[in-house]
Amino acid sequence: MNTLSGLPELAQQVRRKRGNNKKTVAVCSAAVLAATGLLLSGCGNGSDNGKIQIEMVQYKPEAVKAFEEMEKRFNESHDDIELTIQSPNDAMTILKTRFIKEDAPDIIGIGGDINFSNFVDSDILADISDFDGLSDIKQAYLDIDKNLEFVPTDGTYAVPYVANAAGILYNREMFEENGWEIPTTWDEFIELLDTIQASGQLPLYFGFKDTWTCLAPWNAMACDLAPADVCQQVNKGETTFAEEYRELAEKIVQLLPYAQDDPYAYSYNDACTAFARGESAMYCIGSYAVPQILSVNPDLDVDSFVFPANDSADGQLLNSGIDLQFSVMKDCENKEAAYEVLRFLLEDESIQLYLNEQNAVPCKDSEFELPSMLDGMKEYIDAGKMVDYQDHYYPSEMSVDALIQTYLMDGDTDAFLDNFDVQWIRYNRDLIRKVQDYEAEHGSN
């Protein structure tokens, strides 16, 4: 059960009681705390140095150096605001602990995933529709955020900052030496796999011992084979996963004969190492794996292309989700100061600093220097031809990665799809009821 389940109703009770007396608010707040373990309070007060204190907690510890530099640059250029950026390990757990202690930061940096959906649903984020920096964000990423809302909610609750891109990484030197062409359709992709295998080389490498890696090809292929809003459609009762995921399920198992024997014995690190050493021509993973790969072989010439999962070259879409976005907490007392921080973070120089370190995709619509391993995806990035990761809608308790791993092992498509629908209802029962109640009241959009 999600730790935020049930918070919206209790939070509404607290808001209705506000304005009566402090004792009543305290009682209601205690009820929220006892029932959910989460509570937010005011943010960013002044300090002895006379500056407005703004604190941000962001969830990507691997980017700590970039944020340390941005914190330094911001504080050197602002006399009235002092910014502190925390980049802890397991930031989501730490944030929830701080919520319990009524010690929320002013800004949080999180991913565009189910956690964000829960935060919006729980009414703990500020509506930042009036933030001027939103006009610079690519519409595709703003749409992705709106799609993450369980039910349509007025307002905007995050500034998409950077994204990642997933498809297929390939060894550019190996492709050039063998004269292999980048495929643009599913048939061309299968033909390429056959050609590489016939040459005595290994087409693909998987690290399926780590179950989460099973989601990499699943998500990338789903962009072309399933509706982007399939989870919402299922929640509304309009379709089933058994219907919408069948072609995806049937095609993903076709990849297995082109990979190493027993891919379930090899981890993500094993797969990165093998690809870095030239043991396979391609690796179905996201751009986030490139730093790990290059740590093994800094001289590897790696590029990427969009997974061609259907038979229409014009119909291919890039699998790109919001890797980091910023939200202002609803009770933040210095919203304009928080906006000033967001404006600084959205400056091209700040974004490029992050891109250079993390090989990310900018959500801002501007000219940036992208890492060479994204060359094959640049036209999709520039054109905004992208859709989100399917697993950003999956509840963690459902363990979809493990479901996919089991399916890849036994290959029983019907059993897998039927079980997917059963497990979805099991772990989303309350959400489904909420969505269908909303639809009954407001009608489908």
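## A four-stranded open sheet

Four strands build an open sheet, ordered E6-E7-E5-E8, with mixed pairing. The model described here is predicted.

Strand E5 (residues 168-171) pairs with strand E7 (residues 282-283). The sense is antiparallel, and the pairing runs over two bridges. Tyr170 stands opposite Met282 in E7. In general, strands of a sheet pair through backbone hydrogen bonds, in either the parallel or the antiparallel sense.

## The largest pocket

The largest pocket has a volume of about 1100 Å³. Its lining counts 37 residues. Nearest the centre lie Tyr59, Asn164, Asp323, Asp391 and His392. By class, the lining has 18 nonpolar, twelve polar and seven charged residues.

Which elements each supply at least two residues of this lining? Two are strands: E4 (159-166) and E9 (318-328). The helices are H5 (114-121), H9 (215-225), H16 (348-358) and H18 (400-410).

A search of the whole structure finds two cavities of 30 Å³ or more. The largest cavity has a volume of about 110 Å³. It is lined by 14 residues. Phe150, Gln232, Asn235, Tyr393 and Leu431 lie nearest the centre of this cavity. Eight of the lining residues are nonpolar, five are polar and one is charged.

Helices H5, H10 (230-235) and H19 (413-442) each supply at least two residues of the lining of the largest cavity. H19 gives the most, with four residues. H5 also supplies at least two residues of the lining of the largest pocket.

The second largest cavity holds about 30 Å³ of space. Its lining consists of Phe206, Gly207, Phe208, Thr213, Pro217, Tyr283, Cys284 and Ile285. Six of these residues are nonpolar and two are polar, with no charged residues.

## Packing around H3

Helix H3 (residues 64-77) packs on H16 at an angle of about 160°, with the axes 9 Å apart. That angle makes H3 roughly antiparallel to H16. The crossing of H3 and H16 is right-handed. H16 is also one of the helices that supply at least two residues of the lining of the largest pocket.

H3 also meets helix H15 (residues 335-345). Their axes come within 11 Å and cross at roughly 120°. H3 is therefore oblique to H15. H3 passes H15 in a right-handed crossing.

## Packing of H18 and H19

How do H18 and H19 run, and at what angle do they cross? Their axes come within 10 Å and cross at roughly 165°. Angles over 145 degrees count as roughly antiparallel, so H18 is roughly antiparallel to H19. This crossing is right-handed.

The two helices also take part in the linings. H18 supplies at least two residues of the lining of the largest pocket. H19 supplies four residues of the lining of the largest cavity.

Key
Residues are numbered from 1 along each chain as its sequence is written. This is a predicted model: local features need pLDDT of at least 70, side-chain atom pairs count only at pLDDT 80 or more; totals for chains, interfaces and linings use all residues. Side-chain values use heavy atoms; hydrogens and water are left out. On a 1 Å grid over the protein atoms alone, a cavity is a set of points where a 1.4 Å probe fits but cannot get out, and a pocket is an open set with protein on both sides within 12 Å along at least five of seven lines; lining residues have an atom within 4 Å of a point. Grid points are joined across faces, edges and corners, and a volume is the space filled by probe spheres set on the points. Ala, Val, Leu, Ile, Met, Phe, Trp, Tyr, Cys and Pro count as nonpolar, Asp, Glu, Lys and Arg as charged, and the others, Gly among them, as polar. Two strands pair if DSSP finds at least two bridges between them. Axes are lines fitted to C-alpha atoms, for helices over the stretch in contact, and angles run from 0 to 180 degrees between N-to-C directions. Angles under 35 degrees count as roughly parallel, over 145 as roughly antiparallel, 65 to 115 as roughly perpendicular and the rest as oblique. A crossing is left-handed if the near helix is turned anticlockwise from the far one by less than a right angle, and right-handed if clockwise.
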